[in-house]
Amino acid sequence: MTTEQLWQPTPGGSGTYVRELAAALLRRDDIALTGLHARHAGPPDPSWSVPDGMGQIASRLPRQALYETWNRWRLPRSAGAADVVHATTWAVPPRSAPLVVTVHDLAFLRSPEHFTRRGAAFFTRALDVVRAQATRVLAVSGTTRDDCVAAGIDPTRIRVVPHGVRVPAVTGPDGLELRRRFGLTRPYLLWCGTVEPRKNVPGLLRAYAEAARRMPDLDLVLVGPDGWSGAPEEVTRALAALPADRVHRLGALSWADLHAAYAQARAFCYPSLWEGFGMPVLEAMSHGVPVVTSTGTSMAEVAGDAALLAPATDVDALADALVQATGDRHDELAAAAREHAAGYTWDRCAAATAEVYREAAAEVDRGPAGR
């Protein structure tokens, strides 16, 4: 299993996937798991460390050189006696055993304008490798599976294996301390993520403005950094139209503070235009927080009947859903959210992943040629 994502400056959702899946696989007695990563001077940040008991193979190459040799020349073949090689991101090692690749999303195809020429070339070559060499592809949602098929990946090799979710318990004092530190004195609607076009933050701000006219005591809390070139101009204009004391931009938070912010929220709104999976939806639901998210997306797939759905670009429909989630339907949706999220566990994800490993290993003589 590739674990290099844990050494990234911001491991993000892919880092969470690597860490949590590895820990769950290590709890099983039918998988012997070894991590593969680039050369580093030391371990990753403690909050992203590899699970105890997981062996590691470190390449002699640093990240950039390792990724380039994998991506361009399909070298070096270093999996040893592995029965299966699992690429947990688009950084795909050479095929020296049956190859399983996790596809989180195909953002570089959906929004190529947000990638450098070099980055787009890397991902495009990786997609070519997956088409030609992957024995199995793990898609994190049905939506991502459909994107994989549209991108030319053989549908018979794709398996949908959703993420699990794990959240910390948040005590009352934890929540009150967060509120005190950031001056959050009223009930609030929460959003978290990187401010980038697909997140539809302008639509969220307009929907909040409409909902706040009917829920005058409701504030808005935005958690996360600006994207590539700062906040888009449309976001800046939408923020300027709102009362400054009702919108709180907290920036990037620690894991503990983020979950305290979830737990204290009156509702969570995630109206992205698209996501590969949409982990924040499950995280909010795990805290028993009502969720409003977008129809026709992976988030709707993940949330099922336990959230309120509205078209991402329909401001009035989003506002109506926010009023329901923070008002009359709050308690009903909170209970449904917690119950629904309990079905998404990393142990379940690990069990499905282990089954895919077995399928791949059984095709050692029948799988795609290692070319």
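Rings of Phe, Tyr and Trp (its six-membered ring) pair if their centres lie within 6.5 Å; planes under 30 degrees apart count as stacked, over 60 as edge-to-face and the rest as tilted. In this predicted model, local features need pLDDT of at least 70, side-chain atom pairs count only at pLDDT 80 or more, and totals for chains, interfaces and linings use all residues. Residues are numbered from 1 along each chain as its sequence is written, and side-chain values use heavy atoms, with hydrogens and water left out.

**Aromatic pairs**

The structure holds 9 aromatic pairs. One of them joins Phe115 and Phe123 edge-to-face, at 5.7 Å centre to centre and 85° between the planes. Phe122 and Phe123 also pair edge-to-face, at 5.7 Å and 85°. Ring pairs link Tyr67, Trp70, Trp90, Phe108, Phe115, Phe122 and Phe123 into a cluster.

How accessible are these Phe residues? Buried means under 20% relative accessible area, exposed over 50%, and partly exposed in between (1.4 Å probe, protein chains only). Phe115 is partly exposed, at 28%. Phe123 is partly exposed too, at 21%. Phe122 is buried, because its relative accessibility is 12%.

**Charges over rings**

A charge sits over a ring if NZ of Lys or CZ of Arg is within 6 Å of the ring centre and within 35 degrees of the ring normal. Two such contacts follow.

| Charged residue | Ring | Distance from ring centre |
|---|---|---|
| Arg19 | Trp48 | 4.5 Å |
| Arg198 | Trp274 | 4.6 Å |
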